[in-house]
Amino acid sequence: STPKDLEKYAALLANSAIIEIITTSACILTIPRQITSLSEFILIFYGPCTMIGAPLCWACVGVLEIRKRLHTLLTLLYFASASPIVFACCIFMQRRIFSYLNNNQ
């Protein structure tokens, strides 16, 4: 049983572990290599997804991209819920960014 003080942190760790397992599976399926130049980039897949088909490879790349955002969001939510100051700063910055974007259109 998790101590009461560490329940939020335990939930964060559990969510992070699930995300990492899914991401690792996607990475093993694709084994992507990115080649970049000034105006373009090419993704080459070496993993088992190449035997199944291109849609699976691209779906796995989507999982890898979503993982970046989801992991960051979960970490932000954990800290925002743990500290009212951080939560207030997030709301304040969001309003500043939206007002800046609206003024520059």
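# Exercises on a predicted model

Thr23 lies in helix H1, which covers residues 7-30. The model is predicted, and each exercise below is followed by a worked solution.

**Exercise 1. Is Thr23 buried or exposed, and which residues is Thr23 in contact with once neighbours within four places in sequence are left aside?**

Step 1. The relative accessible area of Thr23 is 11%. Buried means under 20%, so Thr23 is buried.

Step 2. With neighbours within four places in sequence left aside, the contacts of Thr23 are Leu64 and Arg67.

Step 3. A polar atom of the Thr23 side chain also lies 2.8 Å from the backbone oxygen of Ile19.

**Exercise 2. Which side chains meet in a salt bridge, and which helices hold them?**

Step 1. The structure holds one salt bridge. The side chains that meet in it are those of Glu20 and Arg67, at 2.6 Å from N to O.

Step 2. Glu20 lies in helix H1 and Arg67 in helix H3, so the pair ties together parts that are 47 residues apart in sequence.

Step 3. Glu20 has a relative accessibility of 29% and counts as partly exposed. Arg67, at 23%, also counts as partly exposed.

**Exercise 3. Where is Thr30 placed, and which residues is Thr30 in contact with when neighbours within four places in sequence are left aside?**

Step 1. Thr30 belongs to helix H1.

Step 2. Its relative accessible area is 0%, so Thr30 is buried.

Step 3. Leaving aside neighbours within four places in sequence, Thr30 is in contact with Phe45, Tyr46, Gly47, Cys49, Cys57, Cys60 and Leu64.

**Exercise 4. Take Cys57, one of the contacts of Thr30. In which helix does Cys57 lie, and is Cys57 buried or exposed?**

Step 1. Cys57 lies in helix H3.

Step 2. At 2% relative accessibility, Cys57 counts as buried.

Step 3. With neighbours within four places in sequence left aside, Cys57 is in contact with Thr30, Phe45, Cys49 and Thr50. Phe45 and Cys49 are also among the contacts of Thr30.

Step 4. Lys4 is 53 residues from Cys57 along the chain, and the C-alpha atoms of the two are separated by 42 Å.

**Exercise 5. What is the phi of Ile31, and where does Ile31 lie?**

Step 1. Ile31 lies in the loop between H1 and strand S1, the strand being residues 32-36.

Step 2. Most residues other than glycine have a negative phi.

Step 3. Ile31 is not a glycine, yet its phi is positive, at about 45 degrees.

Step 4. Ile31 has a relative accessible area of 41% and is partly exposed.

**Exercise 6. Where does UniProt place the feature "transmembrane region", and how much helix and strand does the chain have over residues 12-31 and over residues 43-64?**

Step 1. The UniProt record, an unreviewed entry, places this feature at residues 12-31, 43-64 and 70-93.

Step 2. Over residues 12-31 the chain is 95% helix and 0% strand. The C-alpha atoms at the ends of this stretch are 27 Å apart.

Step 3. Over residues 43-64 the chain is 68% helix and 14% strand. Here the end C-alpha atoms are 13 Å apart.

**Exercise 7. Which residues form a nonpolar patch on the surface, and in which helix does Met93 lie?**

Step 1. The patch is formed by Phe92, Met93, Ile97, Phe98, Tyr100 and Leu101. Together these residues have about 640 Å² of accessible area.

Step 2. Met93 lies in helix H4, residues 84-103.

Step 3. With a relative accessibility of 42%, Met93 counts as partly exposed.

**Exercise 8. How many Å apart are the C-alpha atoms of Leu76 and Ala10, and how many separate those of Ser25 and Arg69?**

Step 1. Leu76 is found in helix H3, residues 54-82, and is partly exposed, with a relative accessible area of 41%.

Step 2. Leu76 and Ala10 are 66 residues apart in sequence, and their C-alpha atoms are 15 Å apart.

Step 3. Ser25 is in helix H1 and, at 38% relative accessibility, counts as partly exposed.

Step 4. Ser25 and Arg69 are 44 residues apart along the chain, and their C-alpha atoms are separated by 17 Å.

Note on methods. Residues numbered from 1 in each chain as written. Predicted model: local features only at pLDDT ≥ 70, side-chain atom pairs only at ≥ 80, totals over all residues. Heavy atoms only, no water. Helix = DSSP H or I, 4+ residues; strand = E, 2+ residues; numbered from the N terminus. Buried < 20%, exposed > 50% of the residue type's maximum accessible area, 1.4 Å probe, protein only. UniProt positions renumbered as here; feature names shortened; annotations may be inferred. Polar contact = N/O pair within 3.5 Å; in protein donor to acceptor, adjacent residues only side chain to side chain. Contact = heavy atoms within 4.5 Å. Patch = residues over 30% accessible without salt bridge, like charges linked within 9 Å, V, L, I, M, F, W, Y side chains within 5 Å. Areas by Shrake-Rupley, 256 points an atom, 1.4 Å probe, with all protein chains shown as cover. Salt bridge = Lys/Arg side-chain N within 4 Å of Asp/Glu carboxyl O.
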